[in-house]
Amino acid sequence: MKDMQLVSAIMTTKIVKLKKDDDLERAEYLFKKHKIRHIPVVEGKSIIGMLSYTDLLRISFVDAVDDDGEIESLVYNMFTIEQVMAKNIVSVSSTTSIKEVAQILAKKEFHALPVVDDGELVGMVTTTDLINFLIIYL
């Protein structure tokens with residue numbers, strides 16, 4: 001395996017994003033529609049936070065309530081994306097090696113990292129991206 005292969009080779013560049021003014025129902029819709037677990041929250045081209053599906057589940061009773069969604073909407077309306085998202089974001093640049101990304105994900109126990117160049121969100125790399133990379137090289 002090449003130690004210096006760059007994260008730009010495996011990152012996702014078609015990024016599903018949220019704005020801090022979006023509501024949590026929209027977030028849930030995007031998680032389910034795109035079958036993803038992490039969505040960066042942006043202001044312009046800059047990332048200001050990260051919302052994970054786990055964050056959303058932590059505040060909702062979705063699986064424990066009626067199927068009509070009434071309580072789900074009530075709970076979602078009690079919080080904003082800005083209140084629920086992680087704000088202290090660790091990011092990498094597109095020139096970071098895949099090995100360094102793997103070390104960060106393992107050490108910090110993250111499952112996704114935004115890729116930021118010159119203050120602009122340009123991609124996302126996840127543990128799934130790393131696993132797919134390993135499958136090719138093993």
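Student: Where do Lys32 and Glu28 lie, and how many residues apart are they?

Tutor: Helices here are DSSP runs of H or I with at least four residues, strands are E runs of at least two, and both are numbered from the N terminus. In this structure, Lys32 and Glu28 both sit in helix α1, four residues apart, or about one turn of the helix. Keep in mind that this is a predicted model, where local features need pLDDT of at least 70, side-chain atom pairs count only at pLDDT 80 or more, and totals for chains, interfaces and linings use all residues. Residues are numbered from 1 along each chain as its sequence is written, and side-chain values use heavy atoms, with hydrogens and water left out.

Student: What do Lys32 and Glu28 form?

Tutor: A salt bridge means a side-chain nitrogen of Lys or Arg within 4 Å of a carboxyl oxygen of Asp or Glu. For Lys32 and Glu28, the closest N and O atoms are 2.8 Å apart. The structure holds four salt bridges, including one between Asp22 and Arg26 at 3.9 Å, N to O.

Student: Which residue forms a salt bridge with Glu43?

Tutor: That's Lys20, with the closest N and O atoms 3.3 Å apart. This pair links distant parts of the chain, 23 residues apart: Glu43 is in strand β2 (residues 38-43), and Lys20 is in the loop between β1 (18-19) and α1 (24-34). Glu43 is partly exposed at 46%, and Lys20 is partly exposed at 28%.

Conventions. Buried means under 20% relative accessible area, exposed over 50%, partly exposed in between (1.4 Å probe, protein chains only).
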